[in-house]
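Subject: Structure handover

Hello,

Here is the structure we spoke about.

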Amino acid sequence: MSSSSSIQIGPFRHAHGEIVLPGSKSISNRALLLAALSSGTTTLHNLLDADDTKVMRNALRQLGISVTDQDHHICIIKGCSGQFPVREADLLMGNAGTAIRPLTAALAMQSGNYRLSGVARMHERPIRDLVDGLRQIGAEITYELQAGYPPIQISTSQINIQDIVKVRGDVSSQFLTALLMALPLVAKEPVRIEVIGELISRPYIEITLKLMARFGVLVDCPDAQSFVIPANTSGAVYQSPGAILVEGDASSASYFLALGAIGRGPVRVLGVGSDSIQGDVAFADALALMGAKITAGDGWIEVAGVQNASGKLNAITINCTEIPDAAMTLAVAALFAEGKTRLNGIASWRVKETDRIAAMAKELKKLGAVVQEGDDYIEVEAPMTLADWRSPPEGIDTYDDHRMAMCFSLAAFGPNPLKINDPDCVAKTFPAYFAEFAVVVS
Ligand SMILES: O=C(O)C1=C[C@@H](OP(=O)(O)O)[C@@H](O)[C@H](O)C1
Ligand SMILES: C=C(OP(=O)(O)O)C(=O)O
């Protein structure tokens with residue numbers, strides 16, 4: 001849990017250096033679950049060691065899986081061949097969407113009794129579309145407090161799959177990810193998952209499919225809305241690949257790439273690059289559109305300032321439905337752009353760690369930016385002159401949202417010192433963030 005301290009940083013002018021990124025949250029939590037469900041032993045290298053992955057590791061241990069941390073970043077998992085040894089458990093999921101949603105689906109396939117709950121904010125984050133998807137195939141799931149939200153109770157039931165399972169994809173892609181990973185455990189015939197309506201955050205589905213393939217399950221995608229899971233004829237459907245090397249986290253990379261643009265650079269991130277399976281590497285393309293000088297290769301990306309004669313970024317209008325997490329970094333980078341930056345397709349921000357559109361608008365305004373928000377967009381214009389930048393004495397609030405804290409560190413490149421409240425909330429995905437930040441800024 002994060003404390004209620006604050007830090008004072010900046011003003012800074014330069015950013016340069018190299019940073020080795022922590023492991024990807026999205027890959028770490030998928031790899032942990034698939035390794036646990038597989039037959040065989042898997043060694044996970046460069047696993048993220050942060051709150052969200054602790055939640056997953058602890059839950060798997062409670063479910064009877066052998067999870068051995070060799071050091072902070074190497075973890076050895078002995079798989080259970082699809083059937084968790086423990087059939088009753090009360091699992092605390094913190095605020096980790098990548099833990100509660102996939103585990104809910106996997107546990108609904110187990111014929112056991114499980115309760116899943118989280119921190120207060122998790123109980124405001126929707127899970128209805130997943131529960132509806134699972135109920136179609138006979139899962140018994142009830143809501144403990146408010147319908148549509150955790151805590152939930154999963155009871156022993158008979159899973160009976162007809163040939164099509166439908167799921168909505170416009171609130172979170174994690175519901176589809178959860179079904180994709182869980183259904184192979186019970187698919188006696190091929191099962192088609194059909195996505196109803198828009199599918200947001202689509203690149204995260206690519207991560208899911210690629211990880212499933214590493215564990216031996218190949219999903220067919222006949223069209224953009226359909227996913228066909230093969231029949232499970234052998235019982236133990238997932239096969240351990242032996243070892244997995246987790247890439248660096250592309251969302252975590254976004255803060256350092258932005259620093260390389262705003263603080264002249266060069267800043268190089270190591271651990272993600274042109275060969276990445278994470279959609280958030282497209283943040284580098286967005287930054288290039290804003291005028292940043294970017295080069296990349298396998299396993300690295302570098303930013304060396306901006307190409308515009310003004311030395312400033314230029315504003316852009318961009319649809320962010322494929323990069324919902326890194327898009328937050330663009331909103332704060334807009335403080336260093338000429339013109340009005342508009343981020344579209346970000347309705348999902350409202351149901352994440354906090355209402356990120358409201359929080360972002362409120363805190364950017366405290367700095368003197370001109371901000372407009374709508375249901376699914378935000379527009380940001382930098383303070384007109386240096387004198388229009390404000391230094392709010394009460395500090396920037398972070399709403400227990402790791403990305404609010406990390407994004408707003410960029411604002412320390414404005415003319416004033418900056419106070420950030422509750423910086424420890426970065427522990428959700430990047431506990432060492434402010435230590436790494438300190439190494440590259442001056
Ligand atoms: O599947 C994943 O690993 C994630 C999917 C995205 O969520 P939504 O699909 O809810 O947008 C993203 O914001 C989250 O941080 C991680
Ligand atoms: C939305 C996020 O997390 P979660 O996996 O809890 O959905 C995030 O990390 O920005």
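Predicted model: local features only at pLDDT ≥ 70, side-chain atom pairs only at ≥ 80, totals over all residues.

Residues are numbered from 1 along each chain as its sequence is written, and chains are lettered from A and ligands numbered from 1 in the order in which they are written.

Domains. The chain splits into domain 1 (6–22 + 248–440) and domain 2 (25–232); these bounds come from an automatic or database domain assignment. Their C-alpha centres are 30 Å apart. Across the boundary, 18 residues of domain 1 are in contact with 20 residues of domain 2 (contact: C-beta atoms, placed from the backbone, within 7 Å). On the domain 1 side, the touching residues are 7 nonpolar, 6 polar and 5 charged (nonpolar: Ala, Val, Leu, Ile, Met, Phe, Trp, Tyr, Cys and Pro; charged: Asp, Glu, Lys and Arg; polar: the others, Gly among them).

Ligand 1. There are 13 residues around the ligand, and Ser26, Ser172, Ser173, Ser201 and Tyr204 come nearest (a residue is near if its C-beta atom, placed from the backbone, lies within 6 Å). Domain 1 and domain 2 each give at least three residues to this shell. Helix 3 (97–108) and helix 5 (174–182) each supply at least two (helices are DSSP runs of H or I with at least four residues, strands runs of E with at least two, numbered from the N terminus). The shell has 9 polar, 3 nonpolar and 1 charged residues.

An open sheet of 4 strands has the order 6-7-9-8, with mixed pairing (two strands pair if DSSP finds at least two bridges between them). Strand 6 (88–92) and strand 8 (140–143) each have a single partner strand, so one side of each has no neighbour in the sheet. From one strand to the next, the twist averages 15°. Strand 6 runs parallel to strand 7 (residues 113–117), joined by 5 bridges. Glutamate 88 has asparagine 113 of strand 7 as its bridge partner.

Helix pair. The axes of helix 1 (residues 25–37) and helix 2 (residues 51–62) come within 9 Å and cross at roughly 5° (axes are lines fitted to C-alpha atoms, for helices over the stretch in contact, with angles from 0 to 180 degrees between N-to-C directions). Helix 1 is therefore roughly parallel to helix 2 (angles under 35 degrees; over 145 is roughly antiparallel, 65 to 115 roughly perpendicular, the rest oblique). Helix 1 makes the contact through residues including Leu32, Leu33 and Ala36, and helix 2 through residues including Met56 and Leu60.

Regards

Key
Contact = placed C-beta atoms within 7 Å.
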